[in-house]
Amino acid sequence: MRLFFGFAVWLVLLSAASGAEPTPVDLVKQAKTVVFLGDSITAAGQYVALVDAWIVSQRWEHSPKIIDCGLASETVSGLSEEGHAGGKFPRPDLAERLDRVLALTKPDLVFACYGINCGIYQPLDEDRFQKYQQGYQRLKAAIEKAGAKLIVVTPPFYDEQRSPKNFSYNGVLDKYSDWLLSQRAAGWIVIDLHGPMTREVQKRRQDDPKFTFQPDGVHPNSDGHWFIARQLIRALGDEAATEAATPADMLKLRGVSADLLPLVQQRMAVLRDAYVGTAGHKRPGVAAGLPVPEAEQKATALTAKIDQLLAAKP
């Protein structure tokens, strides 16, 4: 017994001495609560629910609670264009609500995806670019001060074919993404969505010139959300799942019924609306949601149904 204990301690010390940083999947598996921050694409929740469904399908001994705290129109840069939303309200600034979100959700891990709004749909401007960088640096510092880890996702593709401009706005996002990717050298964990999504659209248009993930140029359709989810799942180490044509096919690989998806989506939505509403924000037109305790009760009931499906034979 003493020999086994000594060997176990030696393994722990050896691991610590190696200085190996935890991988993204390590961070997810170790977390009790994972929060997603972002703009309307994250607030829509579809890709978040698909990543959650993948996590559930792994049947880990413990799966983290996933809370989508995305907010439509939001920026990490704190910028807003003149006349946004017809002059009704400026874009929400993440910094205005971030401390409240972190205090309420108490995350161990945060995924953040910002950028498509942060360039304000204008040509590249050094001042705007600098504010984007500063915003992400503040976000990382605040998350780490709260005792959590940050995983950054580069901004999605902007479809200039569907929403043309007299300059390349996707080129602006190239620069924003390149800067985020360069932060890997400083120890940041960065998942590249922008590059793969840009290349995928270009590839698909060789056979179908009208192909799009984003009918309005910005907001992904269901295929677009699945593509986003696949990039995150790939970063979590499951290459086989990313080859699945649909989320249902991904679950089938794990021997899980596609009936899981609507349950996970419902759970995501009830928690999102409750936590975003309770933390508060300055974006009009967002559903307030249930009080958090009531939302948690509903989420627990949905989790029980999810567990029943996981226990059922395929």
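Mentor: Helices and strands are DSSP runs, numbered from the N terminus, where a helix (H or I) has at least four residues and a strand (E) at least two. This is a predicted model, in which local features need pLDDT of at least 70, side-chain atom pairs count only at pLDDT 80 or more, and totals for chains, interfaces and linings use all residues. Residues are numbered from 1 along each chain as its sequence is written, and side-chain values use heavy atoms, with hydrogens and water left out.

Trainee: Where is Gly280 found?
Mentor: Gly280 sits in the loop between helix H12 (260-279) and helix H13 (292-311).

Trainee: What is Gly280 in contact with, beyond its neighbours within four places in sequence?
Mentor: Contact means heavy atoms within 4.5 Å, and Arg97 and Arg100 are in contact with Gly280. The C-alpha atoms of Gly280 and Leu98 are separated by 9.8 Å, although these residues are 182 residues apart along the chain.

Trainee: Why is the pairing of Arg97 with Glu74 called a salt bridge?
Mentor: The term requires a side-chain nitrogen of Lys or Arg within 4 Å of a carboxyl oxygen of Asp or Glu. The closest N and O atoms of Arg97 and Glu74 are 2.6 Å apart, so the pair qualifies. Arg97 lies in helix H5 (residues 94-105) and Glu74 in the loop between strand S2 (65-68) and H5, so the bridge ties together parts 23 residues apart in sequence. The structure holds 11 salt bridges.

Trainee: Which residues of H6 and H7 meet?
Mentor: Arg128, Phe129, Tyr132, Gln133, Tyr136 and Gln137 in H6 meet Lys175, Tyr176, Trp179 and Leu180 in H7. By class, the residues of this contact are six nonpolar, two polar and two charged. Here Ala, Val, Leu, Ile, Met, Phe, Trp, Tyr, Cys and Pro count as nonpolar, Asp, Glu, Lys and Arg as charged, and the others, Gly among them, as polar.

Trainee: How do the axes of H6 and H7 lie?
Mentor: Axes are lines fitted to C-alpha atoms, for helices over the stretch in contact, with angles from 0 to 180 degrees between N-to-C directions. On that basis, the axes of H6 (residues 126-145) and H7 (residues 169-182) come within 11 Å and cross at roughly 35°.
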